[in-house]
Amino acid sequence: MAGLSSGSGGGSSLGLCSHAVVRALPESLPQQALRIEKGKEVDFARAEREHQLYVGVLKSKLGLQVLELPADESLPDCVFVEDMAVVCEETALITRPGAPSRRKEVDAMKRALESLNLNIVEMTDENATLDGGDVLFTGREFFVGLSKRTNQRGAEILADTFKDYAVSTVPVYDSLHLKSFCSMAGPNLIAIGSTEAAQKALKTMQQMSDHRYDKLTVPDDAAANCIYLNIPGKGHVLLHRAPEEYPESAKVFEKLKDHMLIPIAHTEMEKVDGLLTCCSVLINKTSEL
């Protein structure tokens, strides 16, 4: 389906970021977190180390104000905060996650975003589902994956919330989320995996958009999930998967000469379908708190 709304957002604010919300790992994650494929055992100590390094990059290396929420053992997926909110400018849409076991995760996220004085919109329609992992904001428009976790009604509420931007829907078949195989790697630059499903989704996005995006194709779908930031004094920053995990994809990122490249290992989280964007909600506060 084509655009649900037709706004006229510009692309200049992409990646600007002052704050991040993250959440600690619950010890219940290895055994109880949702996953598409069973089998790979999560090394909790290693997962914690990887997550601490990730948070450390946001806080110490990039100088963001990081709100660290405590883990909740009754919510084994709670570290994956991205699914709980979509934040654009000063507005935060609190989602209604597709997995019923995750719906209580929104409470802590709502409180955190309220503490930043954002305009809070809550998704209360019981027919709607939306995971933040299905929402790709390009700086100009939104693409929303229609997946097992996100439905048409969820996409419509997102379009109603962010009226300044066009919103288009993209069918997602073989992956958990739209951003399981794509993300923004820079202004106007979409990182995309090489599988047939990923390339088909990209084609759909290209057909629906009035704008021509550049693409950065990487061999591994999971590695196409990266985090682009535009940090004052540091310029273009890209957090991407480490060479020891995805060596061929890392070589593609290394060609981005204008970016500060920060490789991050995320091996343990990926075993429960968690990728780099999943573990933070990024916010740009333009007004003083």
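Of the 34 residues in the largest nonpolar core, Tyr 54, Leu 58, Leu 62, Leu 64, Phe 80, Leu 229 and Leu 239 touch the most other members. Such a core is a set of buried Ala, Val, Leu, Ile, Met, Phe, Trp, Tyr and Cys residues joined through side-chain atoms within 4.5 Å, where buried denotes under 20% relative accessible area (1.4 Å probe, protein chains only). At least two residues each come from β1 (19-23), α2 (44-61), β12 (227-231), β13 (235-241) and β14 (260-264); helices (H or I, at least four residues) and strands (E, at least two) are DSSP runs, numbered from the N terminus. The greatest contribution to this core, six residues, is that of α2.

The model is predicted: local features need pLDDT of at least 70, side-chain atom pairs count only at pLDDT 80 or more, and totals for chains, interfaces and linings use all residues. Residues are numbered from 1 along each chain as its sequence is written, and side-chain values use heavy atoms, with hydrogens and water left out.

Another core, of 28 residues, lies apart from the largest one and includes Met 184, Leu 189, Ile 192 and Leu 216.

Glu 141 belongs to strand β7 (residues 141-146). Glu 141 is buried but has no salt bridge, that is, a side-chain nitrogen of Lys or Arg within 4 Å of a carboxyl oxygen of Asp or Glu. Arg 140, the nearest side chain of opposite charge, is 6.7 Å away.

| Partner side chain | Distance |
|---|---|
| Ser 209 | 2.5 Å |
| Tyr 213 | 2.6 Å |

Key: Buried < 20%, exposed > 50% of the residue type's maximum accessible area, 1.4 Å probe, protein only. Lys, Arg positive; Asp, Glu negative; His and termini not counted. Polar contact = N/O pair within 3.5 Å; in protein donor to acceptor, adjacent residues only side chain to side chain.
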